[in-house]
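User: Hello! I'm new to this structure and would like to walk through it with you. Could you show it to me first?

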Amino acid sequence: MWQLDWNKLAEVLTYNAKQPMIFSSGLFLFLFLGFSLIYVLLQKKDTARILFVSLFSYYFYYKSSGFYFFLLGVVTVTDFFLAGRMAVTESKWGRKGLLLLSLFVNLGLLCYFKYTNFFYEMLTPLWNGNFEPLDIFLPVGISFFTFQSLSYTIDVYRRQLQPLERLLDYVFYVSFFPQLVAGPIVRARDFIPQIREPLMVSREMFATGVFFVVSGLFKKAVISDYISVNFVERIFDNPALYSGVENLFGIYGYALQIYCDFSGYSDMAIGIALLLGFRFPMNFNSPYKADSITDFWHRWHISLSTWLRDYLYISLGGNRKGKIRTYINLFLTMLLGGLWHGASWNFVIWGGFHGVALAAHKFWRNLLGKPKTAVSYGIRKVFAVMLTFHFVCFCWIFFRNSTFEASVTMIRQVFTAFHPEVLGQLIEGYWKVFVLMGIGYLLHFAPDGWQDACCRGVVRLPLLGKALLLVALIYLVIQIKSSDIQPFIYFQF
């Protein structure tokens with residue numbers, strides 16, 4: 001008969017700092033099956049369904065960050081009541097004061113947990129002290145849900161959005177688990193109208209959701225994780241030990257790894273949301289096909305780049321205060337965008353490079369009198385795509401390395417110790433990595449119609465075929481990720 005190991009069950013279901021729950025983990029896929037059954041039963045009970053999803057979302061965040069899930073509640077409750085008060089406040093300065101309070105709460109929490117040690121290390125030399133980092137835990141996804149909640153209060157302040165009347169609806173919006181810990185950053189005006197809509201998952205939505213989950217899992221759990229552990233990490237950990245050609249392919253590998261990691265997780269979030277009846281905007285659109293750095297940021301992490309544009313760049317003055325100020329605003333926006341990614345100078349340098357490149361491209365485009373919609377064709381486009389891709393790869397060196405010296409070492413190896421004669425040995429020794437890299441880049445640079453055709457193929461499958469495809473994928477990932485879901489049920493004869 002069945003025997004349940006309660007101790008093992010409790011161990012699996014409680015927070016484990018070494019195994020935070022993510023979409024590609026076997027535990028999440030196991031729990032999502034049970035969640036889906038209850039979700040379907042609550043299909044026509046809006047309030048009960050919203051409450052159930054919100055509770056599951058908080059549990060999901062607890063499994064990612066432990067006790068710090070209460071921060072999500074602090075941000076949610078604070079911004080809900082501030083926005084409600086803001087909507088009925090006629091005084092301009094009163095509304096600004098409420099907005100500043102929202103900024104203080106959100107950015108204060110973000111700065112404390114993410115940047116305290118960064119600024120502490122910078123200031124320590126002022127009093128000739130020895131820097132010893134404070135023991136501050138960084139809650140998963142705090143950068144995402146604070147930005148998402150801020151978009152709500154800022155839109156209410158700008159009179160672009162009416163505040164919600166129900167706290168539960170706002171809890172649902174901020175905590176909705178598909179985008180909670182890694183985006184995309186979903187705007188309130190895009191998501192809130194969907195909350196109380198009758199739940200309806202069409203056959204097309206279900207099939208598209210399955211397609212995005214499948215493609216996201218393949219990117220994240222197969223390509224990104226494998227080439228990271230088996231190749232990229234080795235190169236970046238000790239760039240001086242490898243020749244220039246090995247470092248170069250390590251950079252190419254990281255460019256693919258970070259794309260598959262970020263976009264794969266976003267694809268899974270979009271797919272899971274579709275399976276639950278909600279639509280998220282596209283977050284990645286083949287960014288390495290970009291023919292300029294401006295085009296790259298129209299394709300890369302779209303929810304973040306548009307957030308930075310609408311709430312930071314425009315707030316700084318945008319392009320309304322002259323050309324010089326526009327270039328400065330672009331640079332500052334990307335500098336702060338780099339710092340948003342992590343509390344380290346390497347992220348600041350990365351953001352600075354992109355800021356300079358965006359300003360330079362805008363200056364060049366204005367100099368030639370080209371409109372924003374101008375595109376290149378033929379051999380000129382091929383050259384522009386290659387140039388943009390290699391500039392982005394150059395910037396990834398500083399993004400990935402933890403020190404400036406390691407980045408300089410890697411660049412020096414590429415230009416002074418290339419040794420192309422080791423390429424054959426490199427491919428032979430890492431042939432599985434190169435096969436996955438080849439598949440990854442082939443799929444990325446393939447015509448957009450390929451993805452559309454694959455998606456249409458899944459749509460045309462009968463319902464049973466879609467279900468079997470999803471079940472087979474879940475089973476496969478559980479087998480691959482079995483280390484995080486130890487058996488807590490066993491047979492006793």
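User: Is W345 buried, partly exposed or exposed, and what is its relative accessible area?

Analyst: W345 lies in helix α14 (residues 345-368); helices here are DSSP runs of H or I with at least four residues, strands are runs of E with at least two, and both are numbered from the N terminus. Buried means under 20% relative accessible area, exposed over 50%, and partly exposed in between, using a 1.4 Å probe and protein chains only. W345 is therefore partly exposed, with a value of 48%.

User: Thanks! How should I read the numbering and the model itself?

Analyst: Residues count from 1 along each chain as its sequence is written, and side-chain values use heavy atoms, leaving out hydrogens and water. The model is predicted: local features need pLDDT of at least 70 and side-chain atom pairs count only at pLDDT 80 or more, while totals for chains, interfaces and linings use all residues.

User: Which residue pairs with D169 in a salt bridge?

Analyst: A salt bridge here is a side-chain nitrogen of Lys or Arg within 4 Å of a carboxyl oxygen of Asp or Glu. D169 sits in helix α7 (residues 167-175), and its partner is 27 residues away, in the loop between α8 (188-195) and α9 (203-237). The closest N and O atoms are 2.9 Å apart, and the partner is R196.

User: How many residues apart in sequence are the parts tied together by R187 and D310?

Analyst: R187 and D310 form a salt bridge, their closest N and O atoms being 2.9 Å apart. R187 lies in the loop between α7 and α8, and D310 in helix α12 (residues 302-313), so the pair ties together parts separated by 123 residues.

User: How many salt bridges does a search of the whole structure find?

Analyst: One of them joins D225 and K220, with the closest N and O atoms 3.1 Å apart. R166, D169 and R196 are linked in a network of salt bridges. The search of the whole structure gives 10.

User: At what angle do helix α10 and helix α15 pack?

Analyst: Helix α10 covers residues 244-275 and helix α15 residues 378-400, with their axes 9 Å apart. Axes are lines fitted to C-alpha atoms, for helices over the stretch in contact, and angles run from 0 to 180 degrees between N-to-C directions. The angle is about 85°.
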